Amino acid sequence: MYFYANLQISMKTAIVFGATSGIGKSLVELLIKDNYKVAVTGRRLEKLEELKQSYPNQIVVKQNDIQKVDEVEKIFFEIVDEFNTIDLIIQSSGVGFVNPKLAWDKEAQTIHTNVVGVTKLYTLAYNLFKQQEHGHLVGISSIASLRGNRSAPVYFASKAYQKAYLESLYIKTKSIKSKQVFITDIRPGFVDTAMALGDGIFWLVPLEKAAKQIYSAIKKKKRVAYISKRWALIAVVLKIVPAWLLKKAT
Ligand SMILES: NC(=O)c1ccc[n+]([C@@H]2O[C@H](COP(=O)([O-])OP(=O)(O)OC[C@H]3O[C@@H](n4cnc5c(N)ncnc54)[C@H](OP(=O)(O)O)[C@@H]3O)[C@@H](O)[C@H]2O)c1
């Protein structure tokens, strides 16, 4: 009994926002194998319950819609109360639409999720880690963060926002004396999930491979990681190509 209690205490703790499918869900499975206790979130309760059924001792279910920022704050502190300290927060929730006609409902939903909701999560995570003097925040942005795009302007803009916010938090960690707060920006290209929509998809990475590469980057506490790695080459080109050439070529 005493041994079991100690085992519980030594478990690392994580929250995964957007754990119901895709990248977030695959990362939960890797964390479970690595002996983490994980709070899983998302809107689809049945998907969260499935995870709980598979790993009853390591999963805590907290359904939420990150567009409702007051609710996000409430469940965040419920998890903190339950876990006491949090070692890792992975922010994978997001939406993306191909929306060339700029239909407002899709633009608004993307802003409320990828910008407003995600900012709430970033601020909660950073302030907690600052107070704890330790912790690791991982945001899943995108290669889309680097430039504009004609078919999905709001998605690309929201990812540029996330990239800049994560970089700002990284810069802010300078003020944390312990130097034990880390910020990682994961920038996938195309990963084989429901989100990989639209024409012109190439170098589609299988979900399992992407999750393993992301988890490796997390363990190394990388500041930025491209998934798969060869997207780093595309990133170099994207950063220097002039807008007129993007207009002509895409
Ligand atoms: N797949 C790609 O090619 C790719 C490339 C670059 C970047 N990314 C980024 O990777 C992240 C994960 O996407 P994915 O590819 O794994 O797609 P996914 O399977 O569609 O996962 C998206 C996750 O976000 C959650 N989510 C969406 N809206 C939410 C809301 N309002 N409140 C709470 N949770 C919400 C979803 O859960 P519920 O629907 O249950 O709420 C789901 O768990 C996203 O941020 C995406 O932009 C993906």
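Author: Start with what lies over the helix. The buried residues of α2 are covered by elements that include β1 (12-17), β2 (36-42), α3 (45-54), β4 (88-91), β5 (135-140) and α7 (207-219). Keep in mind that this is a predicted model.

Which residues of α2 are buried? They are G22, I23, G24, K25, S26, L27, V28 and L31. The helix runs over residues 22-33, twelve residues in total. Its length checks out. At 1.5 Å a residue, α2 should span 16 Å, and its end C-alpha atoms are 17 Å apart, so the two agree. An α-helix has 3.6 residues a turn, so residues three or four places apart point the same way. Just after the helix comes N35, with a positive phi of about 70°.

Now the ligand. The shell around the ligand holds 31 residues, and G18, G22, R43, G94 and M195 are the closest. G22 also belongs to the buried residues of α2. The helix gives the largest share of the shell, three residues. Both α2 and α5 (104-132) supply at least two shell residues each. What is the shell made of, by class? It has 16 polar residues, eleven nonpolar and four charged.

Next, go to β1, one of the elements over α2. A14 sits in that strand. Is A14 buried or exposed? The cut-off for buried is 20 or more C-beta neighbours within 10 Å. A14 has 27 inside 10 Å, so A14 counts as buried. Leave out residues up to four places away in sequence, and A14 touches L31, Y36, V38, D87, L88, I89 and I90. Of these, L31 is a buried residue of α2. For scale, take A14 and I176. They are 162 residues apart along the chain, and their C-alpha atoms are separated by 21 Å.

Look at V40. Beyond its neighbours within four places in sequence, V40 is in contact with V16, A19, V28, L48, L51, I59 and V61. V28 is on the list of buried α2 residues.

In soluble globular proteins, nonpolar side chains tend to be buried together. Here the largest nonpolar core has 49 residues. V16, V40, L137, I214 and I227 have the most contacts inside it. The largest share of this core comes from α5, with six residues. Another core lies apart, with five residues, among them A144, A152, V154 and Y155.

Most residues other than glycine have a negative phi, and most peptide bonds are trans. W203 is one exception, with a positive phi of about 50° although W203 is not a glycine. W203 is in the loop between β6 (181-188) and α7. With 11 other C-beta atoms within 10 Å, W203 is exposed. K221 is another case, with phi near 55°. K221 lies in the loop between α7 and β7. K221 is exposed too, with 11 other C-beta atoms within 10 Å.

Then comes a cis peptide bond. It joins I227 and S228, and omega is about -10°. I227 is one of the core residues with the most contacts. S228 lies in the loop between β7 (224-227) and α8. Helix α8 covers residues 231-240 and contains A232. A232 is partly exposed, with 15 other C-beta atoms within 10 Å. Between A232 and Y215 there are 17 residues of chain separation, and their C-alpha atoms are 17 Å apart.

Finally, step back. The protein chain has nine helices and seven strands. Its radius of gyration is 18 Å, close to the 18 Å from the globule rule for 250 residues, so the chain is as compact as a globular protein of that length. Along the principal axes, the C-alpha atoms fill a box of roughly 65 × 40 × 35 Å. How much of the chain is buried? Of the 250 residues, 35% count as buried. Among contacts with a separation of 6 or more, 62% link residues 24 or more positions apart.

Key. Residues are numbered from 1 along each chain as its sequence is written. This is a predicted model: local features need pLDDT of at least 70, side-chain atom pairs count only at pLDDT 80 or more; totals for chains, interfaces and linings use all residues. Helices (H or I, at least four residues) and strands (E, at least two) are DSSP runs, numbered from the N terminus. The expected span of a helix is 1.5 Å times one less than its number of residues. A residue is buried if 20 or more other C-beta atoms lie within 10 Å of its own, exposed if 12 or fewer, and partly exposed in between; C-beta atoms are placed from the backbone. Two residues are in contact if their C-beta atoms, placed from the backbone, lie within 7 Å. A residue is near a molecule or strand if its C-beta atom, placed from the backbone, lies within 6 Å of it. Ala, Val, Leu, Ile, Met, Phe, Trp, Tyr, Cys and Pro count as nonpolar, Asp, Glu, Lys and Arg as charged, and the others, Gly among them, as polar. A nonpolar core is a set of buried Ala, Val, Leu, Ile, Met, Phe, Trp, Tyr and Cys residues joined through C-beta atoms within 7 Å. The radius of gyration is taken over C-alpha atoms; the globule rule is 2.2 Å times the number of residues to the power 0.38.
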